[in-house]
Amino acid sequence: MMKPIVVGAVAVVMGCAAPTPAPDARPAESAQPTAAGASPGAATAAATSGAGAAKASSAPPSQDAGPTERSQDGGARTGAEAAAADGALHPGPAPLASADAGAAAYAPDNKILPPLESEELTARASGLFDAIVKNDPALAEPFWFPKEPFIPLKDVKDPGKYWDNLHAAYLNDVKAMHRKRRSWEAARFVGFEVGSRPKWVPPGDEVNKIGYYRSLHGKLKYEIDGKPATIDVHTVISWQGRWYVTHLGDFKKR
């Protein structure tokens, strides 16, 4: 009696452990190797991952990511990624402007008409006025025509010596004009006015090799004791867009 029971139990166990499908049976679609056929834990993880990816794709791009650009394979990449891929460096500070970037261009023919009014002209004219008031000719130097361009400009035997004579006369004129007033106390500079209409003096005129603009009888304007007054500036000529004195008073070549 025990033997048939044992045999039957073994048969039941073997039948449960390895059921044999029918020869023409096909696996159901739910059994295909898809996410639906994965284990419950894997399915949950996949769903969570998909939801996270959808949320990330719908979120606005981070401000730190930088603008996107198209890569060679057609995909988008951020500016930071592009910089890293291309070996780009962060831009440094802007280069400093050249020291002479604002300087006027040099004109070989000197044909640049200076303005009749400008801050730099007023400043140099003010220096001449201060030189007269204080009896200090050195203060008038910035308004005097410099020697370096004078030498190639003048067509005389010894332009350097000629400049020295003109310069000495200029310094003497400053002192002479100082002596015209007993007192310069409370004298106040007002401004400088270019005299006659500027005239172009071409090369060959006035024993010069290089042309220039010339104006006669400019005026240093000032006030003293509440009254307006002027000082005559006999001749100014131009050099590279600026006015310079060549004769403060009347001058005879010595």
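Guide: Helices (H or I, at least four residues) and strands (E, at least two) are DSSP runs, numbered from the N terminus. This is a predicted model, in which local features need pLDDT of at least 70, side-chain atom pairs count only at pLDDT 80 or more, and totals for chains, interfaces and linings use all residues. Residues are numbered from 1 along each chain as its sequence is written, and side-chain values use heavy atoms, with hydrogens and water left out.

Visitor: In what order do the elements of the protein run from the N terminus on?

Guide: The protein has 6 helices and 7 strands. From the N terminus on, the order is α-α-β-β-α-α-α-α-β-β-β-β-β.

Visitor: What percentage of the residues of the protein count as buried?

Guide: Buried means under 20% relative accessible area, exposed over 50%, and partly exposed in between (1.4 Å probe, protein chains only). The protein has 254 residues. The share that counts as buried is 28%.

Visitor: Of the contacts with a separation of 6 or more, what percentage do residues 24 or more positions apart account for?

Guide: Contact means heavy atoms within 4.5 Å. Among contacts in the protein with a separation of 6 or more, residues 24 or more positions apart account for 57%.

Visitor: Are α4 and α6 parallel or oblique to each other?

Guide: Two packed helices are described by the angle between their axes and the distance between the axes. Helix α4 (residues 119–134) and helix α6 (residues 159–178) pack at about 60 degrees, with axes 7 Å apart. Angles under 35 degrees count as roughly parallel, over 145 as roughly antiparallel, 65 to 115 as roughly perpendicular and the rest as oblique. α4 and α6 are therefore oblique.

Visitor: Which residues of α4 and α6 make the contact?

Guide: α4 contributes Leu128, Ala131, Ile132, Val133 and Lys134. The residues from α6 are Tyr170, Val174, Met177 and His178.

Visitor: How many residues of the contact of α4 with α6 are nonpolar?

Guide: Ala, Val, Leu, Ile, Met, Phe, Trp, Tyr, Cys and Pro count as nonpolar, Asp, Glu, Lys and Arg as charged, and the others, Gly among them, as polar. The contact of α4 with α6 has 1 polar and 1 charged residue. The nonpolar residues number 7.

Visitor: Which residues does lysine 175 touch, not counting residues up to four places away in sequence?

Guide: Lysine 175 is in helix α6. At 37% relative accessibility, it counts as partly exposed. Its C-alpha atom is 9.1 Å from that of valine 133, 42 residues apart along the chain. Beyond four places in sequence, lysine 175 touches Asn135 and Pro137.

Visitor: What distance separates the C-alpha atoms of leucine 139 and glycine 127?

Guide: Leucine 139 lies in the loop between α4 and α5 (147–153). The residues that leucine 139 touches, not counting those up to four places away in sequence, are Gly127, Leu128, Asp130, Ala131 and Lys134. Leucine 139 and glycine 127 are 12 residues apart along the chain, and their C-alpha atoms are separated by 5.5 Å.

Visitor: Is glycine 160 buried or exposed?

Guide: Glycine 160 sits in helix α6. Not counting residues up to four places away in sequence, glycine 160 touches Lys147 and Ile151. Its relative accessibility is 11%, so glycine 160 counts as buried.

Visitor: Which residues is proline 159 in contact with, leaving aside its neighbours within four places in sequence?

Guide: Proline 159 is also found in helix α6. At 13% relative accessibility, proline 159 counts as buried. With neighbours within four places in sequence left aside, its contacts are Phe150, Ile151 and Lys154.

Visitor: Is asparagine 208 buried or exposed?

Guide: Asparagine 208 lies in the loop between β4 (199–201) and β5 (212–224). Leaving aside neighbours within four places in sequence, asparagine 208 has contacts including Leu153, Asp155 and Pro202. At 2% relative accessibility, asparagine 208 counts as buried.

Visitor: What is the phi of alanine 186?

Guide: Most residues other than glycine have a negative phi. Alanine 186 lies in the loop between α6 and β3 (188–193). Alanine 186 is exposed, with a relative accessible area of 60%. Its phi is positive, near 70 degrees.

Terms used: Axes fitted to C-alpha atoms, helices over the stretch in contact; angles between N-to-C directions.
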